Amino acid sequence: MKSYFSAGGALPWWMSGLSLFMSFFSAGTFVVWGAIAYQSGWVAISIQWTMCISGIIIGFVIAPKWQKTKAMTAAEFITDRLGYKTQRIYTYLFLLISIFTMGAFLYPVAKIVEVSTSIPITTSIIGLGILILIYTSVGGLWAVIVTDVLQFVVLTAVVLIVVPLSFDKIGGIDNFIDKAPDNFFQFVNEEYSPLFLVAFGLYNLFFIAGNWAYVQRYTSVATPKDAKKVGWLFAALYAVSPLVWMLPPMIYRILNPELSGLANEGAYLLMCKEVLPVGMLGLMLGGMIFATSSSVNTTLNISAGVLANDVYKHFRPGTSDESLVKVGKLATIILGVITIFIALMVPYFGGIVEVVMTLAGLTGGAMFLPPIWALFSQKQTGASILSVTLISLSINAFFKFLSPAVFNLKLDRATEMGLGIGVPIVLLVMFELYFTYQQKGNNQYTVYLEKMKHKSGVVIDDTSKDNKKGARVIGIGVAATGLIILVLSFIAETGAVLVGAMGLLVSILGCFIIYKNLNNR
């Protein structure tokens with residue numbers, strides 16, 4: 001169980017950090033943020049830099065706190081700290097929201113395939129969804145981690161080729177700046193205002209720190225210090241990556257300003273099709289598919305883990321680990337099928353940008369901030385934490401779905417996001433002041449401290465063998481990818497030297513990873 005759902009609890013911090021980065025950024029970078037970059041320019045970079053700030057705060061404060069809970073899942077912490085009844089309701093809410101979240105993650109993968117190959121998006125969603133649920137159910141968290149780290153290397157190598165070739169396609173950086181639309185390099189605009197950036201930044205903080213799938217990255221490392229490094233690595237990558245990832249769709253706006261409606265969701269891939277040498281587009285497509293898929297497999301794995309470890313095991317406490325893993329695999333398949341259905345519905349919900357922003361405003365603060373607050377507060381109870389979530393969700397849903405129809409009152413993007421973040425903060429502060437005024441002891445927190453004493457005495461399994469094996473698999477994959485890129489350089493009509501140099505560099509990196517993780521070292 002611990003190996004399948006948390007990679008043994010002693011995952012190397014750099015693997016966990018890269019996996020966190022890939023799981024988060026790939027949710028919509030190529031399609032969601034690529035569409036915004038094509039349409040609005042630098043605003044897409046500004047939005048993503050809020051994720052860097054969030055990573056810094058998480059690394060300093062929140063990630064080590066999660067690791068110290070010694071919980072395998074966030075649901076386990078909620079049970080220990082706030083009681084099983086609270087956890088049960090949170091679990092149902094999380095699973096419901098996760099189904100829509102995974103559907104929103106799967107859709108961009110299929111969109112990428114449709115733009116690149118003209119395979120109908122319905123066929124892509126079904127085929128890719130089945131593939132993802134199969135390898136996630138077979139391999140557990142290690143399958144997720146290995147895929148994430150490998151695709152990080154693949155995509156970094158390819159995108160570093162795409163950017164200079166894209167600039168060359170339109171005649172250089174100066175020409176790009178001269179031909180860009182008015183206000184293309186502004187940090188904010190009317191739709192994505194400073195208020196939106198602040199609210200979205202807070203949402204990212206709560207989401208990255210409290211989403212159950214990402215909490216798994218902090219609890220799966222060995223020490224609080226390692227958990228800090230996970231957050232800091234995420235922040236460092238998000239300080240640099242938005243500059244690189246968003247340039248191709250921005251450049252494509254200069255090359256082809258005619259995209260409209262949902263067509264701009266494919267701007268990133270269209271730019272790649274314009275400039276990548278023969279074969280490299282296929283490698284880019286494969287990397288983008290599985291990188292973007294990482295958000296699906298991450299959430300699938302943690303959702304199945306919650307169902308097996310925190311729901312099924314509660315009703316059948318004597319169930320063996322072998323049986324619980326089988327339950328987890330079955331849960332992965334069932335959730336995967338539902339995810340495919342939701343992904344097919346995304347176009348009918350207004351497109352992927354609308355779905356992602358709605359989920360962010362509706363659920364981000366309401367679902368993820370209250371449990372984070374309970375990490376630090378001795379006063380909050382299961383009733384208060386759950387009340388904040390339910391009240392916030394109700395208010396957000398009212399203004400999103402009922403208010404426009406009944407009162408003809410529709411909130412703009414910034415206000416919607418601000419409401420979603422502000423309401424739970426205000427409610428939690430009110431409860432904190434109320435409990436302080438009451439000056440009553442919190443029996444739930446006393447029970448939690450006793451549980452923590454017991455957990456602190458549990459010996460962690462030796463997972464060094466699994467860690468080395470996983471790292472070797474990553475090294476082999478990286479080295480093989482480098483060789484593929486190197487071979488492609490010999491048939492590339494453009495950028496052959498650039499492609500060859502990158503292939504050689506990636507091959508050397510793969511060999512180094514293998515060497516560092518040999519059994520006798």
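This is a predicted model: local features need pLDDT of at least 70, side-chain atom pairs count only at pLDDT 80 or more; totals for chains, interfaces and linings use all residues.
Residues are numbered from 1 along each chain as its sequence is written, and side-chain values use heavy atoms, with hydrogens and water left out.

Helices are DSSP runs (H or I, at least four residues), numbered from the N terminus; strands (E) need at least two. H4 covers residues 43–68 and has 26 residues. The expected span is 1.5 Å times one less than the number of residues in the helix. H4 also bends, by about 60°, at Gly59. The bend is the angle between two fitted axes, one for the seven residues ending at the residue and one for the seven starting there.

The patch has an area of about 650 Å² and is made by Ile53, Ile56, Ile57, Phe60, Val61, Trp232 and Phe376. Patch residues have over 30% relative accessible area and no salt bridge; nonpolar side chains (Val, Leu, Ile, Met, Phe, Trp, Tyr) are joined within 5 Å, and like charges within 9 Å. Areas come from the Shrake-Rupley method with a 1.4 Å probe, and for residues only the protein chains shown count as cover. H4 supplies the largest share of the patch, with five residues. Val61 is placed in H4. Val61 counts as partly exposed because its relative accessibility is 43%. Residues are buried under 20% relative accessible area, exposed over 50%, and partly exposed in between (1.4 Å probe, protein chains only).

The loop between H4 and H5 contains Lys70. Lys70 has a positive phi of about 60° although it is not a glycine. Most residues other than glycine have a negative phi. Lys70 is partly exposed, at 36% relative accessibility. Asn183 is another non-glycine residue with a positive phi, of about 65°. Asn183 is found in the loop between helix H8 (173–179) and helix H9 (194–210). Asn183 is exposed, with a relative accessible area of 52%.

Helix H5 (residues 74–82) is largely enclosed by the rest of the structure, because nine of its nine residues are buried. Among the buried residues of H5 are Glu76, Asp80 and Arg81. Gly83 follows H5 and has a positive phi, near 100°.

Val115 belongs to helix H6 (residues 84–117). Val115 is buried, at 16% relative accessibility. Val115 and Leu269 are 154 residues apart along the chain, yet their C-alpha atoms are separated by 6.8 Å.

The structure holds three salt bridges. A salt bridge is a side-chain nitrogen of Lys or Arg within 4 Å of a carboxyl oxygen of Asp or Glu. Side chains of opposite charge can pair when their charged atoms come close. Lys169 is partly exposed, at 41%. Glu274 is also partly exposed, at 38%.

Another salt bridge joins Glu416 and Lys400 (3.3 Å, N to O). Glu416 lies in helix H18 (residues 413–438) and Lys400 in helix H17 (residues 382–406), so the pair ties together parts that are 16 residues apart in sequence. Glu416 is buried, with a relative accessible area of 14%. Lys400 is buried, with a relative accessible area of 14%.

Glu322 and Lys326 also meet in a salt bridge (4.0 Å, N to O). These residues are separated by about one helical turn, because they are four residues apart in helix H15. Glu322 is exposed, at 56% relative accessibility. Lys326 is exposed, at 54%.

The loop between helix H14 (280–315) and helix H15 (321–345) contains Thr319. Thr319 is buried, at 17% relative accessibility. The Thr319 side chain reaches the backbone oxygen of Arg316 at 2.7 Å.

How values were computed. A polar contact is a pair of N or O atoms within 3.5 Å; within protein, one must be able to donate a hydrogen and the other to accept it, and residues adjacent in sequence count only if both atoms are side-chain atoms.
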